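Biologist: Please take a close look at one part of this model, the sheet, and then place it in its wider setting. Keep it brisk.

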2 protein chains.
Amino acid sequence: VGVLTGAMTRVDRHHAAALDRADSLASRVDEFVVDDPGLVYFDGNSLGRLPRRTAARLRRLVDDEWGSDLVRGWGRWIELPTRVGDRIGRVLLGAAPGQVAVCDSTTVNLYKLAAAALDARPDRRVIVTDDGNFPTDRYVVQGLAKARGLELRQVATHPVDGVQPEAVEAAADADVGLVTFSHVDFRSGAIVDVAALTDLAHRAGALALWDLSHAAGAVPAELDAWEVDLAVGCGYKYLNGGPGAPAWLYVRAGLQDRLVPPVWGWFGQADQFEMGPAFEPAEGMRRWLAGTPPVLGLAAVDEGVAMLEDVGMEAVRAKGVALTGYAQSLWSAWLERLGFTLGSPADAALRGSHLALCHPEAFRLRQALIAEAGVVPDFRGPDILRIGLAPLSTRFVEVWDGFDRLRDLARDEAWTRYDVAPGRVT
Amino acid sequence: VGVLTGAMTRVDRHHAAALDRADSLASRVDEFVVDDPGLVYFDGNSLGRLPRRTAARLRRLVDDEWGSDLVRGWGRWIELPTRVGDRIGRVLLGAAPGQVAVCDSTTVNLYKLAAAALDARPDRRVIVTDDGNFPTDRYVVQGLAKARGLELRQVATHPVDGVQPEAVEAAADADVGLVTFSHVDFRSGAIVDVAALTDLAHRAGALALWDLSHAAGAVPAELDAWEVDLAVGCGYKYLNGGPGAPAWLYVRAGLQDRLVPPVWGWFGQADQFEMGPAFEPAEGMRRWLAGTPPVLGLAAVDEGVAMLEDVGMEAVRAKGVALTGYAQSLWSAWLERLGFTLGSPADAALRGSHLALCHPEAFRLRQALIAEAGVVPDFRGPDILRIGLAPLSTRFVEVWDGFDRLRDLARDEAWTRYDVAPGRVT
């Protein structure tokens, strides 16, 4: 964050341009398709931009591989779930080979891992998560708790700082079979101490399942070193795999023989094409595949991760810290006095690559930003404008432009021109 | 099949060309990418060919929608699972709107529907399927039976004629909660009487779950009229959705309120973006979505189904019947004397759009066909060369060429040049 020294008083656009000139990753923005250079895209943590190499790979895949190789393409495609998985493990997760596969959605992967973990702790009657965890994470364990007659303990999430270790420690007793949280809070961006909370789970005798959707590709992870048991993450945010790209899942090597997925599918069968009478789970990560994996999305994820590999996660993280730090300085200079509070940890080292700006009219301000200002942030209820700053595809001048336009709209009370959503309290 | 009158003695290539000239769907082949006109593709029922319109749609989707609209594309994409589902229902399934969604893989959809059906019959301890059902179908219910301590009754499948009603009637007693079979047998191609077997299930008080993967897009279905409860099918065979395209699922309208999926995900939540504390299943088919649906694959399925809609399933089916009938006549004229037996029903009206040719060296013959003859069939153990004849993309001369080359290789005992797979008995 050294580059930001003095930035708190340097809020003119020239300074942003200077930050871009000093940014070793600045040229990476040109590796993405950007056909409206005036658009400010603050939602790369919801859907990452399209890398040029991905557009090319998908053309080759569709025209040459599907179009020409036809079913013979499976000679190559069949390796993708584990090959791309290994790349994700190496580049993003601090995971040795053979522990990551790419398949299905984050939700389905959460379900598979949580169900298998509970099967491995049949005498434990409690699942622990937090009430600020991403909705799908909470719903998956609600469903499993209901189906199995288990208790779900949802510890309170601190709105800015995320899950608190004390709360987890209090909840994680000897009845708990599974503990599941997110590495980066989808609202506030708070980074949780994965190793420490995993250790609390292990002391209680529980397995720990982590969702890295808002972290992977922005915040480095060390899943092996942190002794994480299970993890999942999204393919379409910082991994730039495109809308509905498949997700990944991680199973610690030492656990792999002991866990069996609840969905027994032919892609998880030991000898898939023998098509034998009884399901026998494949060795390693292949058992976690269920049906035929989505090849187009797999190839797109592969390209996105290759971009991150080219740059290295250390540089990606440094850029992300600099971007949210710079955005914070603009908030402090312009927006705090206009009624915005910071809904993220004030220390950039403690948050991922997005910033939560809280404002009572956030819902309508987002509409104004999109309709009138060419700025695309996200909204998270009840009052958060979520500013996602994808490290590889965001320039400092883009941050400046977005905040400048937001400031003008807020001064102008632009939200009065937009309806509140039916039934929604802003 | 009128067009085939006299074909049994007309086995020269000119006759095949004449059949093509008389075929009202012949020009449809040009709507597919075919860059090796010499290739004989007999595996469109494993991976359908690439339609030109699909290549164009995917380019627009990637470059314009993802590349330019970015996250705003979800305004359109979010409707795809149910909009494409309704199109599949209308064109392929005889299903009124609001009963089909496209999402996840066939395997995951089977799991979701089977689990929900068992939840709806909690006092029933038996699942019925057949031992010749597609592997993933058998494995899914094996897994559910194991997890819930249920009995799995696998009735014997007739190798040529598929599941027999007498066997089902004997197995479907008052302990059965779920009955699940395939509409078209993946090996023999036998068409099962869905309405009759569903009725047997209902008389026993069970729910009926059908897999139409090898039928939909080749054999018309009337799921509403047949009173089917639940169904799934594949997106990448006759629907031409590309490798790993998402599957579809059908839930009869009258059952929708009573069934809740086992996987509770945010795309199945009543008010998804409210992100409220408790999962409340959405009305209608949306509750069956779990995670973020795969947009690229959805768009590709949409185009494939649109092609089928242009032609109409009646014409598609007539072409499929003519193709397998013609192939049968070539088998009879050339291959029977070379040791091939017909592993499919002899009446084209009783089989789908593929033909099983049984030969003790089928495994090695397939290798010879691909490596030496530019013919791509499939192999299904222990002894089946599976000849898939996708109605929209296959010409009669292509069938002639493929059978001509197969005859030459068989005469030549070409299999002796190929290894038997390790551990495989041919």
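Modeller: One definition first: two strands pair if DSSP finds at least two bridges between them. The model is predicted.

Take chain A. Its open sheet has four strands, in the order β11-β12-β15-β14, and the pairing is antiparallel. The edges are β11 (341–342) and β14 of chain A. Each has a single partner strand, so one side of each lacks a neighbour in the sheet. Look next at β12 (residues 354–358) and β15 of chain A: five bridges join these two strands in the antiparallel sense. One residue pair can be picked out: A:His354 has A:Gly388, in β15(A), as its bridge partner.

Helices pack on this sheet. Helix α10 (residues 313–335) of chain A touches β11 and β12 of chain A. Its direction makes about 20° with that of β12(A). Helix α11 (residues 362–373) of chain A touches β14 and β15 of chain A, and its direction makes about 45° with that of β15(A).

Now the link between two of these strands. A:Pro382 sits in the loop between β14 (378–380) and β15 (384–388) of chain A. The peptide bond from A:Gly381 to A:Pro382 is cis, with omega near 0°.

Turn to chain B. Here an open sheet of four strands runs β11-β12-β15-β14, with antiparallel pairing. β11 (341–342) and β14 (378–380) of chain B are its edge strands; each pairs with a single strand, so one side of each has no neighbour in the sheet. Two bridges connect β11(B) with β12 (residues 354–358) of chain B, and these strands run antiparallel. In that pairing, B:Thr341 has B:Cys358 of β12(B) as its bridge partner. Helix α10 (residues 313–335) of chain B lies across β11 and β12 of chain B, at about 20° to β12(B). B:Pro382 is found in the loop between β14 and β15 (384–388) of chain B. The bond leading from B:Gly381 into B:Pro382 is cis, with omega near 0°.

Next, the contact between the chains. In chain A, 71 residues touch 71 residues of chain B. About 5900 Å² is buried between chain A and chain B, and carbon and sulfur atoms give 66% of that. A:Trp66, A:Tyr139 and A:Trp264 supply 14% of the area that chain A buries against chain B, more than any other three residues.

Two salt bridges are counted between chain A and chain B. A:Arg59 forms a salt bridge with B:Asp63, with the closest N and O atoms 3.8 Å apart. There are also 29 residue pairs in polar contact between chain A and chain B. Which elements of chain A take part? Those giving two or more residues to the side that touches chain B are α2 (52–69), α3 (74–77), α5 (106–119), α6 (135–148) and α9 (295–311) of chain A. The largest share, nine residues, comes from α2(A). By type, the residues on this side of chain A are 39 nonpolar, 19 polar and 13 charged.

Two local details of chain A remain. The side chains of A:Arg203 and A:Asp199 form a salt bridge, at 2.8 Å from N to O. Both residues lie in helix α8 (residues 194–203) of chain A, four residues apart, about one turn of the helix. A:Asp104 has a positive phi of about 55°, although it is not a glycine. A:Asp104 belongs to the loop between β2 (100–102) and α5 of chain A.

Conventions. Residues are numbered from 1 along each chain as its sequence is written. Chains are lettered from A and ligands numbered from 1 in the order in which they are written. This is a predicted model: local features need pLDDT of at least 70, side-chain atom pairs count only at pLDDT 80 or more; totals for chains, interfaces and linings use all residues. Side-chain values use heavy atoms; hydrogens and water are left out. Contact means heavy atoms within 4.5 Å. Axes are lines fitted to C-alpha atoms, for helices over the stretch in contact, and angles run from 0 to 180 degrees between N-to-C directions. Buried area is the accessible area (1.4 Å probe) that two parts lose on being put together, summed over both. A salt bridge is a side-chain nitrogen of Lys or Arg within 4 Å of a carboxyl oxygen of Asp or Glu. A polar contact is a pair of N or O atoms within 3.5 Å; within protein, one must be able to donate a hydrogen and the other to accept it, and residues adjacent in sequence count only if both atoms are side-chain atoms. Ala, Val, Leu, Ile, Met, Phe, Trp, Tyr, Cys and Pro count as nonpolar, Asp, Glu, Lys and Arg as charged, and the others, Gly among them, as polar.
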